[in-house]
Amino acid sequence: MALPRDLQRAWIRGTILAVAAMAVGAFLAAGFVAARYEARLGQMARELSTLRRQCAQETAGLRERAASCEERLRGAAGERRGGPR
């Protein structure tokens with residue numbers, strides 16, 4: 001049984017509008033998700049930068065401490081040998 005031409009056009013128009021509304025909804029949802037994702041990536045980048053700076057500071061402190069210990073060991077070894085000649 002064939003649908004009347006006006007009903008067929010209305011059905012096609014309704015289907016096209018529904019598909020268009022779903023596409024718009026999908027784009028809005030994707031934009032929202034992308035915005036949240038980008039915000040989280042920015043936060044993670046800031047945290048990583050902070051951790052790298054802290055690591056660099058700790059490394060510098062440990063190198064200074066190692067150099068100081070090395071100097072003390074050299075001084076102690078020289079005293080045991082009778083001092084520098």
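Buried stands for under 20% relative accessible area, exposed for over 50%, and partly exposed for the range in between (1.4 Å probe, protein chains only). The residue belongs to helix H1, which covers residues 5-80.

Together with Trp 11 and Ile 16, Ile 12 makes up a nonpolar surface patch with about 360 Å² of accessible area. A patch takes residues with over 30% relative accessible area and no salt bridge; nonpolar side chains (Val, Leu, Ile, Met, Phe, Trp, Tyr) are joined within 5 Å, like charges within 9 Å.

## Fold and exposure

The protein has one helix and zero strands. Both are DSSP runs numbered from the N terminus: H or I over at least four residues for helices, E over at least two for strands.

Of the 85 residues, 1% count as buried. The protein exposes about 8100 Å², with 62% supplied by carbon and sulfur atoms. Areas follow the Shrake-Rupley method with a 1.4 Å probe; for residues, only the protein chains shown count as cover.

## Salt bridge

One salt bridge is present in the structure. The term requires a side-chain nitrogen of Lys or Arg within 4 Å of a carboxyl oxygen of Asp or Glu. The partners are Arg 74 and Glu 70, whose closest N and O atoms are 3.4 Å apart.

These residues are about one helical turn apart, because they are four residues apart in helix H1. Arg 74 is exposed at 59% relative accessible area, while Glu 70 is partly exposed at 41%.

## Cysteines

Zero disulfides are found in the whole structure, a disulfide being a pair of cysteine sulfur atoms within 2.5 Å. Cys 55 is partly exposed at 47% relative accessibility, and Cys 69 is partly exposed at 33%.

## Basis of the values

Residues are numbered from 1 along each chain as its sequence is written, and side-chain values use heavy atoms, without hydrogens and water. The model is predicted: local features need pLDDT of at least 70, side-chain atom pairs count only at pLDDT 80 or more, and totals for chains, interfaces and linings use all residues.
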